[in-house]
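This briefing concerns the strand pairing and helix packing of one protein model. Please read it alongside the sequence and coordinates shown here.

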Amino acid sequence: METIEIYLNKLADEKSIYAEISAKTDAEINNLEVLAEYLAVNNSVKFRLYISDENQENKTISEILDIFEKFAENNFEFIVDEFLNLIDEEGHFLEMAKPRTLVHRDGDLHPAVHVWIIREKDMGVYILLQKRSANKLINPCCYDVSAAGHVPQGEEFRISAVREAAEELGIELQENKLEFLNLHKSSYNCGNVHDNEIRAVYLCREKIDADNLILQDSEVDGVVWAEIDEILASVDNSEFVNCIDYDELLMIKKAVF
């Protein structure tokens, strides 16, 4: 049975939502009545509806779901997912937003952020590393950058960086205290996951007390301070389980020294 994937974006207006349905079904669908007629005669097609996860109502989407429930019967399912803006090779955001699950399935280039928190001491420069949760799909139980995450639709790089630090570590950083270093492209493939990112890399020199952090249980198992040269020397050591980006570490070292 053919499966049609439709993206129902809560941030989109009625015209854009029906344009998405029309494009995916290859039919001129611009209202509920036409949609009902289409579903009634296409009962050999399965529909997978992806709904963006914003905590807000969208009347058009609610009405569309009602029509699917009435006319598509058992031939449809809906999935609530985070929508990500896609991005080009130069780091420009594209207008299209796509469900995160499908972005990773299809290997679409998308925006992300990395925040490296450092402290400078007489003995060297130390970086706060987080240990990724054992529940993470990608690189569980590995030591990684201080805080990181995707840029969801409707956000900018710097705003996402502040939000990720708050969510994962429980710290409130000021946007103007984040030092932007560069954009960095990264690719990771594991099974059905094809994660192709362009990251905005930020350096944070604020004083952070690791003992007072509030860690996000679903994301972070723990944190540790480690000296940057020791990390660089140990990245490829199998005894140091990590997914640290070596090139980003060099970027940090260059910015500090």
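**Parallel sheet and packed helices**

Strand E1 and strand E2 (residues 45-52) run parallel and are joined by 7 bridges. The model is a predicted one, in which local features need pLDDT of at least 70, side-chain atom pairs count only at pLDDT 80 or more, and totals for chains, interfaces and linings use all residues. Residues are numbered from 1 along each chain as its sequence is written, and side-chain values use heavy atoms, with hydrogens and water left out. Helices (H or I, at least four residues) and strands (E, at least two) are DSSP runs, numbered from the N terminus. Two strands count as paired if DSSP finds at least two bridges between them.

**The sheet**

- The strand order is E1-E2-E3 in an open sheet of 3 strands, with parallel pairing.
- Strands E1 (2-8) and E3 (76-81) each have a single partner strand and stand at the edges, so one side of each is left without a neighbour in the sheet.
- Direction ignored, neighbouring strands of this sheet are turned by 20 degrees against each other on average; axes are lines fitted to C-alpha atoms, for helices over the stretch in contact, and angles run from 0 to 180 degrees between N-to-C directions.
- E2 and E3 pair in the parallel sense over 6 bridges, with Val 80 in E3 as the bridge partner of Ile 51.
- In E2, 7 of its 8 residues are buried, where buried means under 20% relative accessible area, exposed over 50% and partly exposed in between (1.4 Å probe, protein chains only).

**Helices across the sheet**

- Helix H1 (residues 14-25) lies across E1 and E2 and runs at about 165 degrees to E1; contact means heavy atoms within 4.5 Å.
- Helix H3 (residues 59-71) lies across E1, E2 and E3, running at about 155 degrees to E2.

**Helix H2 with helix H3**

- The axes of helix H2 (residues 32-41) and H3 come within 10 Å and cross at roughly 30 degrees.
- H2 and H3 are therefore roughly parallel to each other (angles under 35 degrees count as roughly parallel, over 145 as roughly antiparallel, 65 to 115 as roughly perpendicular and the rest as oblique).
- Their crossing is right-handed, a term used if the near helix is turned clockwise from the far one by less than a right angle, and left-handed if anticlockwise.
- H2 contributes Leu 32, Leu 35, Ala 36, Leu 39 and Ala 40 to the contact, while H3 contributes Glu 63, Ile 64, Ile 67, Phe 68 and Phe 71.
- By class, this contact has 9 nonpolar, no polar and 1 charged residues; Ala, Val, Leu, Ile, Met, Phe, Trp, Tyr, Cys and Pro count as nonpolar, Asp, Glu, Lys and Arg as charged, and the others, Gly among them, as polar.

**Helix H1 with helix H3**

- H1 and H3 pack at an angle of about 35 degrees, and their axes are 9 Å apart.
- H1 passes H3 in a right-handed crossing.
- Glu 14, Ile 17, Tyr 18 and Ile 21 in H1 meet Thr 60, Ile 61 and Ile 64 in H3.
- The contact of H1 with H3 has 5 nonpolar, 1 polar and 1 charged residues.
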